[in-house]
Amino acid sequence: MRLRRDTLKNPQQELRIFRSRSLLAALVVTTLTGLLMGRLGYLQVVQHEVYTTRSEKNRVRVEPLPPTRGLIHDRNGVLLADNRPTYNLMLIRERVEDVDATLRQLEELLELSEEEADAIRVRAGQRQRPFQPALLLSDLDEDQIARLAVNRHRLPGVEVEAQLLRYYPDAEIMAHALGYVGRINAEELKSLDAGRYAGTHFIGKTGVERYYEDLLHGQAGLRKVETNARGRVLQELGRTDPVPGKDLTLTLDKELQTLAYELLEERRGSIVAIAPQTGEILAMVSAPGFDSNRFVTGIDVSTYRGLQEDLDLPLFNRAIRGHYPPGSTIKPFLALAGLAEGEITPEETIYDPGYFQLPNDSRRYRNWLRWGHGRVDLERSIAVSNNTYYYSLAHELGIDRLHERMSALGFGQRVAHDVQGESPGLMPSREWKRGRFDQPWYPGETLSVGIGQGYWQVTPLQLATATAVLANRGEWVKPRLARRIGDEPVPVELPETPPDITVENDDWWDRIFSGMEKVVSGHEGTARRTGEGLEYRMGGKSGTAQVFSLGQDQRYDAEELAERLRDHALFVAFAPLEDPEIAVAVIVENAGGGSAHAAHLARAMTDAWLLEEEEVPDVDELRETMETDDGSVAGN
Amino acid sequence: MAMSYLSRRLRGYPVRPPNSGMTRRKRFWERIHIDPWLLILLLVLMTAGLGVLYSASGQRLETVIAQATRFMVAIGVLVVLAQVSPATLLRWTPLAYVMGLLMLVAVELVGDMGMGAQRWLVIPGVIRFQPSELMKLAMPMMVAAWLSRHELPPRLRDVAICALIIGGPVVLIAKQPDLGTSLLVASAGVFAVLLAGLSWRFILALGMMAAAALPLLWMNLHDYQRQRVLTFLHPDSDPLGSGWNIIQSTTAIGSGGLWGKGWLEGTQSQLEFLPERHTDFIVAVLGEEFGLVGMLVVLMVYLLIVMRGLWLAATAHDTFGRLVGGAIILTFFIYVFVNVGMVSGILPVVGVPLPLVSFGGTSSVTLMAGFGILMSIHGHRRFLPR
């Protein structure tokens with residue numbers, strides 16, 4: 001290219017133009033520089049505070065310090081709920097070059113199932129800010145930790161983090177009484193105090209773990225740390241230590257609880273034992289149990305479905321939610337009601353022809369012994385479990401007074417102080433029937449209630465509580481599971497304790513007790529085989545409850561059907577008679593062979609609590625005895 | 001012709017102030033064709049820049065030494081170029097421009113990818129070179145060369161030819177894609193035309209055409225470039241992604257306050273919240289650690305450099321020199337304005353470094369070469385006008 005010089009050039013004019021243009025440029029440059037300065041002044045002076053806050057927020061991170069959950073012990077200090085160090089697999093995306101490749105590597109290394117492999121893919125993306133570790137797997141086993149340690153250099157961005165996890169050493173035996181903790185779900189998250197639960201992943205879901213959640217959990221602390229943009233902690237700027245949760249000592253006795261669970265082995269049922277004078281629940285078992293540890297780490301769907309669809313309902317806490325007709329076990333309570341209302345005295349007798357008839361009604365309400373027990377007083381009515389006596393008594397009391405008196409013993413109520421999820425059962429009344437069926441109460445229904453049938457439904461816990469109140473001569477002590485919270489003992493007197501029950505003559509208690517003693521020790525007693533070789537005085541009462549129908553959606557084969565239609569065996573007992581230390585309620589579902597089965601289990605419980613260890617019969621021996629006892633006790 | 005000292009000076013004639021005690025020293029600077037004031041300002045800026053760079057690089061001495069070494073080379077280039085007479089420069093201008101253009105085409109065809117853009121020309125084992133750097137200087141010189149040979153203010157035909165001279169390389173560079181550099185190259189050419197006296201009617205018409213072309217430009221932007229503009233308008237829409245840079249840089253500057261957090265004490269910079277902190281975003285480190293006061297001082301130095309540069313251009317002896325000098329110095333200002341504007345959040349993010357402070361070799365050499373040319377056209381006075 002050639003550049004030719006123009007002939008029309010005027011250097012003076014060009015100079016002038018250039019100078020005026022560059023003067024203009026100087027002005028523009030100055031103005032723009034001024035603009036920049038203004039912008040900087042705005043950022044650095046006017047908005048300084050805003051940006052200082054922002055830069056502090058960048059730099060300073062508040063890390064929650066979750067508190068250590070309180071431990072749970074039994075009454076003798078045996079550990080029931082522990083905190084076990086576990087290891088979680090974490091992933092920091094920003095430190096990983098190829099996330100997919102790393103996940104594939106982990107899958108191979110840890111031999112993950114397809115389900116787990118899918119899960120870690122989802123979890124790898126779950127986090128709130130850059131450089132925040134995402135939780136891939138919790139509770140790695142030792143083999144997995146070892147493999148990760150060996151391959152550490154090949155897996156940048158993959159970290160193993162220690163965390164304390166709840167562990168129940170005797171999970172199956174304690175599952176229902178103790179409950180369990182599980183991951184906080186979205187719904188719980190909404191109602192939780194975010195500050196207290198910062199950094200906490202678990203919350204009590206059922207049982208003691210749920211009821212005492214506030215105390216067991218404690219208060220989260222926090223530490224302020226300076227971090228760089230990669231999330232690495234450079235220094236600690238300040239710290240509030242967490243307040244650990246309070247340790248809990250329960251009233252349960254692990255030995256007794258274990259015995260109760262073994263007694264119910266391969267059966268469905270419940271045993272509840274209470275110390276009458278203190279209200280302490282010594283054992284509370286619902287069988288079958290389940291492994292509550294599986295709920296802590298997150299149970300897999302198929303296992304959970306298996307538990308839910310199991311016909312034996314292992315997840316169902318029979319001790320506090322199972323509804324059973326109490327049967328004849330309530331006869332001593334009815335006798336107490338009759339005495340307290342002045343309708344009967346211990347000496348009064350009735351004649352039992354084998355049935356009871358309401359006035360102007362031809363229908364015969366039968367005693368279980370067709371030909372009748374003849375003359376029956378209060379003690380004998382309990383010992384032989386006479387129905388006619390209680391038809392008559394119930395008729396005289398009427399449903400209103402019956403309802404009131406039985407409610408006073410805790411039936412139809414939630415009786416315990418700190419039992420989570422307790423059901424009130426059902427104590428029928430006129431109002432209840434009108435509300436439920438829009439029908440009047442019929443006198444015949446009162447008679448059914450009089451022998452513990454009809455609408456009346458109790459929980460094993462209620463039965464044990466009423467027995468304890470009776471054994472305590474009417475003095476109410478609320479049943480409870482906590483013995484000590486931290487270092488504070490739980491007082492015997494608790495708020496909202498129901499009023500004590502009194503009778504005109506204190507000796508009348510002994511008459512009821514005497515009747516109950518004859519159940520196990522008298523020659524006519526319905527559970528007389530149970531009292532053989534008894535080394536202390538014991539009172540008891542048998543009962544059977546008929547199974548009327550089964551749930552419609554449940555499928556049984558013929559043999560199973562027959563088994564599951566057998567009567568439930570019930571027994572309540574307390575001992576020693578003079579100064580009761582234990583009251584027990586036993587319910588064995590579909591036991592067959594009358595109430596004897598339950599009576600032997602109750603005896604085993606009182607033996608274990610009252611006798612020296614070597615004198616307690618072992619469970620296998622007891623089973624043999626029970627098999628020979630088949631049918632020795634009739635009817636109720 | 002008898003002229004007073006002042007009027008001679010103003011018209012750019014060589015002057016010798018009356019009764020000057022500095023005569024000998026002045027003569028020394030004139031002999032080596034160096035403007036001492038401009039050189040001192042540049043040295044001050046580079047020294048301050050090295051200090052900031054030490055902090056911004058996470059206190060890595062190697063980075064500072066590497067930069068200082070490049071500065072040495074750059075100063076060498078400046079001194080050498082200052083010795084070349086404007087006449088020689090003018091002679092070589094078309095060749096340099098054509099070479100640059102050819103290399104840009106070569107880049108387009110066989111260029112090497114780096115940082116997601118095709119910018120480098122590599123002769124294996126010999127040299128890695130960005131032709132766009134050469135174009136930063138060749139462009140204003142070519143435009144100035146053309147205009148200085150024709151009647152000024154430029155006629156429509158000359159403006160059209162200049163538009164072609166400017167448009168070719170700019171389009172090629174923008175396609176690499178390197179929006180920042182194409183912007184700088186375009187400014188260099190346009191400033192030459194403007195300084196040559198492009199009539200205001202033209203300027204107005206071109207401005208309106210540019211405004212009309214904006215949607216067209218938007219359609220032709222790369223996705224990441226559009227994202228930058230959107231981010232500039234709403235940085236909080238993606239605070240962890242594309243908005244991160246600008247949020248962190250304004251936070252760094254704003255939290256610096258009036259006096260700053262102190263050298264090496266800036267938490268945004270030292271804790272690595274600030275991205276690209278030793279290259280394009282280095283001014284945020286300056287703002288955080290030295291505050292508004294530090295920023296004002298540095299901006300004043302830049303302003304003085306630009307003013308001195310304009311003065312040097314205005315006192316050149318021919319139109320070619322004036323136009324080249326003015327275009328170079330105004331482009332230098334564009335660097336500063338775009339960079340500080342983007343880091344402080346009043347302009348979208350464009351890859352333009354802070355001249356002589358940001359870490360980076362080629363650009364500081366090019367810049368200093370530009371100042372070398374500026375000194376050359378100022379210092380060679382034997383090339384007198386008629």
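Which residues of chain A does the UniProt annotation "transmembrane region" cover?

Mentor: Residues are numbered from 1 along each chain as its sequence is written, while chains are lettered from A and ligands numbered from 1 in the order in which they are written. This is a predicted model, in which local features need pLDDT of at least 70 and side-chain atom pairs count only at pLDDT 80 or more, whereas totals for chains, interfaces and linings use all residues.

The annotation, from an unreviewed UniProt entry, covers residues 21-42 of chain A; UniProt positions are given here in the numbering used for the model, feature names are shortened, and annotations may be inferred rather than shown by experiment. In the model, residues 21-42 of chain A are 100% helix and 0% strand, with 31 Å between the end C-alpha atoms. Helices (H or I, at least four residues) and strands (E, at least two) are DSSP runs, numbered from the N terminus.

The contact between the chains involves 41 residues from chain A and 50 residues from chain B, two residues being in contact if their C-beta atoms, placed from the backbone, lie within 7 Å. On the side of chain A that touches chain B, α1 (11-46) and α2 (48-59) of chain A each supply at least two residues. The largest share, 21 residues, comes from α1(A). By type, that side of chain A divides into 19 nonpolar, 11 polar and 11 charged residues; Ala, Val, Leu, Ile, Met, Phe, Trp, Tyr, Cys and Pro count as nonpolar, Asp, Glu, Lys and Arg as charged, and the others, Gly among them, as polar.

As for confidence, pLDDT is the predictor's confidence in each residue, from 0 to 100. Chain A averages a pLDDT of 88, and 94% of the residues score at least 70. Over residues 630-635 of chain A, however, the pLDDT is below 50, although this stretch has 15 contacts in the model beyond near neighbours in sequence.

Between them, 20 residues of domain 1 of chain B are in contact with 22 residues of domain 2 of chain B. On the side of domain 1 of chain B that touches domain 2 of chain B, α14(B) gives the most, with 11 residues.
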